[in-house]
Amino acid sequence: MRQQPMKLVPQLLVILLAVVTSAAWAAWLGWDQHRDVQPDGTTTGPYEAWQVIGLVLTLLAPVYWAASRRYVAGAVLGVPAGLTVASYYDWSDDGSGLFMVGVGMVMVGSLIVTAAISAVIASATRKGRQGGAAPGGCP
């Protein structure tokens, strides 16, 4: 049985996924820019856990779409690129200069997680398509 080769990544797909990802960041995290001061004087934020969870769940849709169509490299490049650009833009006004540590963590973490999720999705959808074939190779 012959397997389909991985499709080449169109540059437009990577750019589109990066733009969609940056827009999702803006929708979920971009509007909340203040830190919350607790009664003991410590600060938290600026993001709540539900905002980050919402962003992650929202980004599963474009990752699934790309990976299930065998554009794994597009998902692995586009989504982390969008998150990295969005976090850099959002955090670059930090006076301490430590925002680059956070941006680097977003870049590496999103790259690892997106690659793992894309591989699982591509593998599952490939097995699903192969399992439905009739004997003799005809669908």
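The following legends describe close-up views of a predicted model.

**View 1. Helix 1 along its length.** Helix 1 comprises 18 residues, 11-28. From the first C-alpha to the last, helix 1 reaches 26 Å, close to the 26 Å expected at 1.5 Å a residue.

**View 2. The buried and exposed sides of helix 1.** Leu 13, Val 14, Leu 17, Ala 18, Thr 21, Ala 24 and Trp 25 are the buried residues of helix 1. These residues lie on the same side of helix 1 because they cover an arc of only 135° around the axis. Gln 11, Leu 12, Ile 15, Val 19 and Ala 27, on the other side of helix 1, are exposed. The cover over the buried residues of helix 1 includes helix 2 (49-68) and helix 3 (72-91).

**View 3. The aromatic pair of Trp 25 and Trp 91.** The model has five aromatic pairs. Trp 25 counts as buried because its relative accessibility is 6%, under the 20% limit. Trp 91, at 22% relative accessibility, counts as partly exposed.

**View 4. The aromatic pair of Trp 31 and Trp 50.** The rings of Trp 31 and Trp 50 form a tilted pair, 6.3 Å centre to centre, with 40° between the planes. Trp 31 lies in the loop between helix 1 and strand 1 (36-37), and Trp 50 in helix 2, so the pair ties together parts 19 residues apart in sequence.

**View 5. An aromatic cluster.** Trp 25, Tyr 47 and Trp 91 are linked into a cluster by ring pairs.

Technical notes
Residues are numbered from 1 along each chain as its sequence is written. This is a predicted model: local features need pLDDT of at least 70, side-chain atom pairs count only at pLDDT 80 or more; totals for chains, interfaces and linings use all residues. Side-chain values use heavy atoms; hydrogens and water are left out. Helices (H or I, at least four residues) and strands (E, at least two) are DSSP runs, numbered from the N terminus. The expected span of a helix is 1.5 Å times one less than its number of residues. Buried means under 20% relative accessible area, exposed over 50%, partly exposed in between (1.4 Å probe, protein chains only). The arc is that of the directions from the helix axis to the C-beta atoms. Contact means heavy atoms within 4.5 Å. Rings of Phe, Tyr and Trp (its six-membered ring) pair if their centres lie within 6.5 Å; planes under 30 degrees apart count as stacked, over 60 as edge-to-face and the rest as tilted.
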